Amino acid sequence: MSRRLLLGDEAIAQGALDAGLSGVYAYPGTPSTEITEYIQLSPLAKERGVHSRWSTNEKTAMEEALGMSFMGKRALVCMKHVGMNVCADPFVNSGMTGVNGGVVVLVADDPSMHSSQDEQDSRFYGKFAMVPTFEPSSQQEAYDMMAAAFDYSEQQCLPVLMRVTTRMAHSRAVVEVCDEPRPQNELNYNAVAANWVLLPANARKRNDKVTAQQAALEEDAANSKYNGLTPSHSPEGKESRYPLGIIASGIAYNYVQEALQGDVSFPILKISQYPLPKKLVRSLMDQCEQVLIVEEGQPFIEDIVRGVYDLKNVHGKLDGTLPRTGELTPDAVKKALSVLSPLTTHYSPQENFAPCEDVVPRPPALCQGCGHRDVYAALNEVLKEYSNPRVFGDIGCYTLGFLPPFRAIHSCVDMGASITMAKGAADAGQWPAVAVIGDSTFTHSGMTGLLDAINENADITVIISDNLTTGMTGGQDSAGTNKFEAICRGLGLSDEHLKVVVPLPKNMPEITQAIRDEINYHGTSVIIPRRECMQTLQRHLKQKKAAAKN
């Protein structure tokens with residue numbers, strides 16, 4: 001074993017490599033992006049030929065991983081929580097097909113919405129799909145769990161969902177890693193076609209089998225080394241039942257430990273493997289008057305426990321003892337403990353600090369020199385000529401066009417929604433209806449919407465703002481680079497209403513005229529402003545200079 005200082009994401013990536021990984025499939029999304037990037041840069045991955053190229057979206061990533069599993073090899077799928085919505089179809093069905101080679105689906109939830117549209121708890125997907133779920137409480141567990149998850153996936157012939165949150169993904173710790181990685185699985189042909197062809201007759205048999213597995217999965221969770229009820233020493237004169245017990249899951253277990261500061265006067269049930277081991281929960285509840293449930297995200301465990309036990313005895317997010325939204329903190333746990341166990345005065349939280357008046361708020365903004373700035377400047381200039389124009393935005397750094405000084409977009413719902421919402425608005429009679437979408441988002445989930453628009457010749461103008469990269473998540477490759485004109489033509493768009501411009505201030509007359517012409521054309525048109533992202537441009541220039549010196 002050797003010791004390394006690793007992000008949680010890096011520990012996951014290294015754990016997967018050391019577990020005999022053959023391929024990682026992902027679409028970049030904070031806070032999961034660093035997992036795939038770590039594997040892309042890993043000497044071990046290069047030596048072993050581990051697949052690590054970005055997928056077009058999370059659905060294709062999941063399906064590609066299933067293909068690798070079908071051939072007997074181990075595959076990792078990575079995404080952020082909203083990406084789970086995109087890959088829900090193959091993910092849920094993967095519980096029915098089962099796996100041949102191990103499959104781990106790593107999802108990084110984002111409480112407090114640091115870079116996301118919602119707070120979503122992916123543990124519900126694991127329960128919904130009837131697949132086992134792992135939730136590490138430390139970077140060391142994140143590393144160790146990867147091997148355990150791949151082994152368990154192959155043992156149970158099911159995919160395993162592993163859920164982390166932002167703090168776990170983006171905090172560092174020293175991790176002991178194995179110096180002798182497991183070899184990759186050999187190619188095999190053991191996949192049974194009847195399991196993988198989900199005709200109703202086959203699927204019904206698989207559904208019966210997977211449903212029957214649930215009791216065994218729960219028993220495994222009860223016996224898992226990652227779950228455990230910590231016994232505590234009863235103080236003198238204590239009644240037969242403890243006044244309070246704690247159930248803590250994932251990273252929230254660390255917050256409990258920090259709040260308790262080494263005090264073990266309460267029994268603690270740590271949960272890091274699901275289905276929820278009800279046997280351990282019952283054991284805790286039987287010896288405690290009250291229970292506090294501490295979990296990051298939504299009240300997943302609390303919902304289950306409240307369905308079984310007296311509501312008056314169960315505390316957590318649903319009764320307001322802990323905050324329902326945002327990230328948990330050790331102070332929030334301290335406050336909850338001080339309410340439920342007043343004698344433990346050292347649990348009282350720190351005083352709230354007033355914000356410093358000298359710190360000026362700095363909302364995010366588009367980079368100076370960014371091509372998106374010129375696109376919005378031109379669009380705003382043209383739209384002054386129309387009454388009640390509506391601009392439908394999408395997911396990417398160009399979403400910042402909603403903020404001053406541009407205030408250029410009116411919606412941003414999910415990946416690819418700009419084109420379909422613009423079409424729906426046009427169907428309702430809105431004109432002009434403009435969609436603004438980025439290059440990576442377009443290939444992720446915008447192409448089908450454009451096909452709908454072209455098929456009906458919807459009265460919309462689509463702007464594919466192409467900065468030649470996936471800019472918002474750090475400059476990863478974009479799947480459609482140098483292909484957008486061909487894609488649009490292939491979908492049936494005429495050359496007459498497909499225009500490419502270079503977003504620079506000197507080209508403003510050309511850009512504004514192109515936007516004006518296509519708005520006034522009452523049908524589907526596409527404008528592609530194309531200029532490289534400033535961040536990747538600077539990176540490429542540095543690389544060229546370094547190469548020239550060598």
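Which residues touch the most other members in the largest nonpolar core? I looked this up first, keeping in mind that the model is predicted, and of the 62 residues in that core I noted Leu21, Ile39, Leu76, Ile246, Val294 and Leu337 as the ones that do. When I asked where its members come from, I found that helix α8, residues 139–156, supplies the largest share, with seven residues.

**The five-stranded sheet**

I traced an open sheet of five strands in the order β14-β15-β16-β18-β17, paired in the parallel sense. At its edges I found β14 (390–392) and β17 (498–501), each of which pairs on one side only, and I wrote down an average twist of 20 degrees from one strand to the next. Within this sheet I checked how β15, residues 433–438, meets β16, residues 461–465, and counted five bridges between these parallel strands; Ile437 has Ile464 in β16 as its bridge partner.

I next looked at the helices that meet these strands. Helix α16, residues 371–383, lies across β14, β15, β16 and β18 (525–529), and its direction runs at about 160 degrees to β16. Helix α18, residues 439–456, packs on the sheet as well, where it touches β15, β16 and β18 and makes about 140 degrees with the direction of β15.

**Cysteines**

How many disulfides does a search of the whole structure find? My search returned zero. I checked Cys78, for which the nearest cysteine sulfur belongs to Cys87 and is 11 Å away, whereas a disulfide needs the two sulfur atoms within 2.5 Å. I noted also that Cys78 is buried, with a relative accessible area of 1%. I repeated the check for Cys488, which is likewise in no disulfide, the nearest cysteine sulfur being that of Cys397 at 19 Å; Cys488 is buried, with a relative accessible area of 0%.

Note on methods: Residues are numbered from 1 along each chain as its sequence is written. This is a predicted model: local features need pLDDT of at least 70, side-chain atom pairs count only at pLDDT 80 or more; totals for chains, interfaces and linings use all residues. Side-chain values use heavy atoms; hydrogens and water are left out. A nonpolar core is a set of buried Ala, Val, Leu, Ile, Met, Phe, Trp, Tyr and Cys residues joined through side-chain atoms within 4.5 Å. Buried means under 20% relative accessible area, exposed over 50%, partly exposed in between (1.4 Å probe, protein chains only). Helices (H or I, at least four residues) and strands (E, at least two) are DSSP runs, numbered from the N terminus. Two strands pair if DSSP finds at least two bridges between them. Axes are lines fitted to C-alpha atoms, for helices over the stretch in contact, and angles run from 0 to 180 degrees between N-to-C directions. Contact means heavy atoms within 4.5 Å.
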